[in-house]
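Please look over the sequence and the structure shown here before reading on.

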Amino acid sequence: MRKTFTLACATSLGIMAAASTAAQAEDSVFVGHLMDITGATGFVGKLYGPAVRDAVDYINENGGIDGTTIEMDSVDYAYEVPRAISFYKKWEQQGMVAMQGWGTGDTEALISFVAKDEIPVWSASYSGHLTDPTGKNPNTQKPAPYNFFYGPSYSDGCRALAQWAMEDWKANGGEGTPKFVHTGDNHPYPNAPKEACAAYAEELGFEVLNPVVVSLKPGDFKAQCLTIQENGADYAYIGNLGPSVVSLFKSCDTVGTDVQFMANIWGGDRKTMEAIGDTERSLIFVAANAFWGSDAPGMETVRAISEMADPDVEFRTHHYIRGICTAYYMKEAMEWAKENGGITGPNIKQGMYARTDWVPEGLEGVCIPSTWTAEDHRGTMTVNVYRGTNVGGEVGIERVAQTTLPRRDDWLGW
């Protein structure tokens, strides 16, 4: 009888423990969050990373995932790939169900890890290499079934800029064959769209010049500017961001390089134009959401998130707003997962496929309608193109084009 009683108690305790564990899992889920605040991309990392964290805080404050709290561990990994991998392994051991990532080097290094562990990742890397979940395109380096991002890929952003440049060339009476050049550091982030964009630029009728290496770190780039000038480039794509863009602008202004600069989604914003100072040249750049000051209905949510985080902040960049969009796509995928078997990695992934032309509730007019499928992780082919100017210290930002690129099979994963 003693043995029977002991066994019964053990069984009862086991059931209670399992129920307690299930209840705890229902009460909260754990999400890892990589930020770059102090590293090479901290200029924009300190804008985007806090946005994701602020959005999750706001989500939790307003009911979480239908009552489930998101426990988020936000860390500054200083843009160092080994540190990112170390944090990932630690979080995976802690039962992470999803991750908010950052850079291209670390996101691409983790593709196989997250696929094996079935942990969906929303990165702030928009590398085209992350968009092919099955690896069906020969250009795909590695299938990325658990990788997502909000906005156009770096490749598609650059393709849209090349398209704009050809239209600009023709509109301004350009004669002969215009010349296109890629500039940026020899690093996974600037290199991600280089080959894909060059191929499309050639397809459009550009002569594509040899790339010019420009460091992510700010410096004296007059030698690079002279190379761009001597080669006769008409349009130069910048794969870098912030301080490096500012240095390149100022160096080329100094030597009188006559070229139209075009920057990726991280390379253009109001702060960069302010830092460039008075200049006769403009910067054409990519964006993927409404800007601060927009009258879009969803800006009410954006302002509420910002005010809850810091009521004294009067302006947020489009990078901050993009971080909010990203966090909300994760939120709604988790909501779908909770209704369809529980908030697990595989279910969250399926939640990303549950809707088409999807804008998160409360962010209407802010985020671009997006669609992800099990065959194609290019959420959107729509690219907003902006022009930034600084005339006498007066910064101007205006949208000059909105392009919806074709969803070509040969561009998937590239």
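In what follows, an axis is a line fitted to C-alpha atoms, for a helix over the stretch in contact, and an angle runs from 0 to 180 degrees between N-to-C directions. With that in mind, the axes of helix H2 (residues 42-61) and helix H12 (residues 299-309) come within 9 Å and cross at roughly 95 degrees. This is a predicted model, and its confidence values are given first below.

**Confidence**
- The protein chain has a mean pLDDT of 94, and 94% of its residues reach 70 or more.
- Over residues 1-25, however, the pLDDT is below 50, and this stretch has 1 contact in the model beyond near neighbours in sequence.
- Where pLDDT is low, the predicted coordinates should not be read in detail.

**Helices H2 and H12**
- Because angles of 65 to 115 degrees count as roughly perpendicular, the crossing of roughly 95 degrees makes H2 roughly perpendicular to H12.
- On the H2 side the contact is made by Asp54, Ala55, Asp57, Tyr58 and Glu61, while H12 contributes Thr301, Ala304, Ile305, Met308 and Ala309.
- Sorted by class, this contact of H2 with H12 has 6 nonpolar, 1 polar and 3 charged residues.

**Helices H9 and H10**
- Helix H9 (residues 222-230) packs with helix H10 (residues 242-255) at an angle of about 65 degrees, their axes being 8 Å apart, and the crossing of H9 and H10 is right-handed.
- Lys222, Cys225, Leu226 and Gln229 of H9 make the contact with Leu248, Ser251, Cys252, Thr254 and Val255 of H10.
- By class, the contact of H9 with H10 has 5 nonpolar, 3 polar and 1 charged residues.

Notes: Residues numbered from 1 in each chain as written. Predicted model: local features only at pLDDT ≥ 70, side-chain atom pairs only at ≥ 80, totals over all residues. Heavy atoms only, no water. Helix = DSSP H or I, 4+ residues; strand = E, 2+ residues; numbered from the N terminus. Left-handed = near helix turned anticlockwise from the far one by under 90°. Contact = heavy atoms within 4.5 Å. Nonpolar A, V, L, I, M, F, W, Y, C, P; charged D, E, K, R; others polar. pLDDT = per-residue confidence, 0-100. Parallel < 35°, antiparallel > 145°, perpendicular 65-115°, else oblique.
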